[in-house]
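This briefing is meant to be read beside the sequence and the three-dimensional model.

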Amino acid sequence: MSTIRPAQITRVLPDSIAAEIGFDAGDAIVAINGTQPRDLIDYQFLCADQVLELEVLDASGKTHHIEIEKDYDEDLGLEFETALFDGLIQCNNHCPFCFIDQQPPGKRSTLYLKDDDYRLSFLYGSYLTLTNLSAKEWERIEQMRLSPLFVSVHATEPEIRIRLLKNQRAGQILQQIKWFQDRRLQIHAQVVVCPGINDGQHLQQTLKDLASFHSGEIPAVASVAVVPVGLTRFRPEEDELIPVTREKAQEVISQVNSISGQFRQQFGSAFAWLADEWFLIAGEELPSEAEYEEYPQIDNGVGSIRLFIKQFASTASQLLPQKLYHQKKLTWVVGNAVEKAFQPILQRLNAVEGLEVNMQALFSDYWGQNISVTGLITGHDLLLHLSGKDLGDGILLPKVMLKNGELVFLDDMTVAEVAEKLHTEIFPVAGIEELINKCIAEGVLV
């Protein structure tokens with residue numbers, strides 16, 4: 001692991017302890033009570049104390065020593081450039097379906113970093129494989145009770161998982177889950193189904209093995225998401241992978257629904273869920289909202305469409321007016337995978353008098369996909385599909401298409417660049433409220 005760097009502050013929250021003391025963006029925390037925090041986990045743990053002695057480096061390079069007295073667990077109100085102050089733990093596997101390896105060459109070097117960091121898994125729910133953890137890191141997970149973690153299992157049969165991850169250590173997965181069970185720690189599991197490799201009887205075996213750890217007061221495996229492999233035209237040649245066809249999607253839906261039914265009888269919970277993409281690829285209706293229980297795998301796209309539709313209906317009833325006082329016409333861009341599912345939302349928006357929203361449901365020519373989720377639509381795709389079209393007063397652009405915190409698409413085109421070429425405004429929107437507010441902005445009839 002690389003050297004610990006001072007924790008660079010990017011934002012000081014208003015009315016916080018840090019704001020009162022006079023912290024500024026650009027300052028950096030070197031140590032807390034004599035200990036250098038390795039990451040946000042250390043920072044939060046160290047800051048829980050009531051008396052803190054901070055060593056701080058300001059933007060000019062001058063060192064300050066600050067003593068703070070506060071309530072136990074009271075937050076200082078600081079946000080940082082990164083959650084990791086000692087560098088990213090990178091992946092040591094060579095999974096053929098890895099999205100990082102399915103990108104075109106020549107992009108920014110940061111796009112090719114493979115994250116397999118247990119700290120990001122704990123903090124943000126990103127998935128890791130457990131293949132690269134040192135003894136010290138296993139010890140830290142136990143001591144700090146870093147639970148739940150989110151684990152890419154893919155297969156429990158050693159030879160199948162080794163084949164998928166191209167790593168001999170991958171065969172230890174069942175022993176590793178037993179380690180979590182012995183310490184009353186939890187994981188949420190993910191299985192990316194690759195037709196011809198870990199589907200069929202292998203998928204059945206994986207789900208049964210994982211279910212054997214779903215018992216007791218704190219089940220070691222809390223839930224499983226079953227996700228279809230996603231392939232792009234940039235993927236390595238001879239990678240063994242076969243795209244998920246409509247027929248394969250229907251087969252997996254039938255198989256997982258059958259075993260989930262058994263789990264419901266056994267555990268009172270489905271335990272294993274199918275990502276929404278299976279139903280979109282299969283051309284089948286999404287499960288009812290009740291079937292998703294508490295949405296334990298929402299970040300894996302399990303139930304995200306149902307939840308979005310439900311939350312939209314609730315928010316729309318509060319925010320959408322009956323009429324706008326002047327006409328407004330907008331283009332809403334989404335991936336063609338959700339075109340059918342989002343029709344009720346489109347109809348509700350267009351029920352507002354004076355508001356016209358046209359959905360453009362696109363496939364991604366850039367990635368070479370016939371069916372595309374919204375998050376993979378690029379600037380190239382917008383130009384290809386929308387050039388020369390009447391886009392009205394502008395484009396409603398879901399922020400999931402953009403790199404985190406940037407107005408840049410996954411193909412490195414900027415929002416400003418695309419807007420200029422399409423001769424229209426682009427309105428990036430995150431979430432339902434922003435979507436609705438942008439539709440009715442400056443046009444609400446009181």
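Helices (H or I, at least four residues) and strands (E, at least two) are DSSP runs, numbered from the N terminus. With that numbering, Asp412 is placed in the loop between β13 and α13, and Asp411 lies in that loop as well. The model is a predicted one, and every value below is computed from it.

- The buried residues of α12 are Gly379, Asp381, Leu382, Leu383, His385 and Leu386.
- After α12 comes Gly388, which has a positive phi near 85°.

**The loop between β13 and α13**

- Asp411, in the loop between β13 and α13, has a relative accessibility of 6% and therefore counts as buried, the cut-off being under 20%.
- The side chain of Asp411 reaches two backbone nitrogens, that of His380 at 2.8 Å and that of Met413 at 3.2 Å.
- Asp412, which is placed in the loop between β13 and α13, counts as partly exposed at 26% relative accessibility.
- The phi of Asp412 is positive, near 75°, although the residue is something other than glycine.

**Helices α7 and α8, and Asp199**

- Where α7 (201-211) meets α8 (residues 246-267), the two axes come within 11 Å and cross at roughly 20°.
- Angles under 35 degrees count as roughly parallel, and α7 and α8 are therefore roughly parallel to each other.
- The crossing in which α7 passes α8 is right-handed.
- On the α7 side the contact involves Leu203, Gln204, Leu207, Lys208 and Ala211, and these meet Val252, Gln255, Val256, Ile259, Phe263 and Phe267 in α8.
- Sorted by class, the contact of α7 with α8 comprises eight nonpolar, two polar and one charged residues.
- Asp199 is located in the loop between β8 (187-193) and α7, and at 11% relative accessibility this residue counts as buried.
- The side chains of Asp199 and Lys248 are joined by a polar contact of 2.7 Å.
- When neighbours within four places in sequence are left aside, Asp199 is in contact with Val193, Cys194 and Lys248.

- The axes of α4 and α6 (residues 173-182) come within 11 Å and cross at roughly 30°, and α4 passes α6 in a right-handed crossing.
- Trp138, Ile141 and Glu142 of α4 make this contact with Gln176, Trp179 and Phe180 of α6.
- By class, the α4 and α6 contact has four nonpolar, one polar and one charged residues.
- Pro148 is found in the loop between α4 (135-143) and β7 (149-152), and the peptide bond that joins Ser147 and Pro148 is cis, with omega about 0°.

- Ala28 belongs to strand β2 (residues 28-32) and is buried, its relative accessible area being 4%.
- With neighbours within four places in sequence left aside, Ala28 is in contact with Pro6, Ala7, Gln8, Ile9, Glu55, Val56 and Leu57.
- Ala28 and Leu330 are separated by 302 residues in sequence and, from C-alpha to C-alpha, by 44 Å in space.
- Asn33 lies in the loop between β2 and α2 (40-46), where this residue counts as partly exposed at 32% relative accessibility.
- Asn33 is not a glycine, yet the phi of this residue is positive, about 50°.

Key. Residues are numbered from 1 along each chain as its sequence is written. This is a predicted model: local features need pLDDT of at least 70, side-chain atom pairs count only at pLDDT 80 or more; totals for chains, interfaces and linings use all residues. Side-chain values use heavy atoms; hydrogens and water are left out. Buried means under 20% relative accessible area, exposed over 50%, partly exposed in between (1.4 Å probe, protein chains only). A polar contact is a pair of N or O atoms within 3.5 Å; within protein, one must be able to donate a hydrogen and the other to accept it, and residues adjacent in sequence count only if both atoms are side-chain atoms. Contact means heavy atoms within 4.5 Å. Axes are lines fitted to C-alpha atoms, for helices over the stretch in contact, and angles run from 0 to 180 degrees between N-to-C directions. Angles under 35 degrees count as roughly parallel, over 145 as roughly antiparallel, 65 to 115 as roughly perpendicular and the rest as oblique. A crossing is left-handed if the near helix is turned anticlockwise from the far one by less than a right angle, and right-handed if clockwise. Ala, Val, Leu, Ile, Met, Phe, Trp, Tyr, Cys and Pro count as nonpolar, Asp, Glu, Lys and Arg as charged, and the others, Gly among them, as polar.
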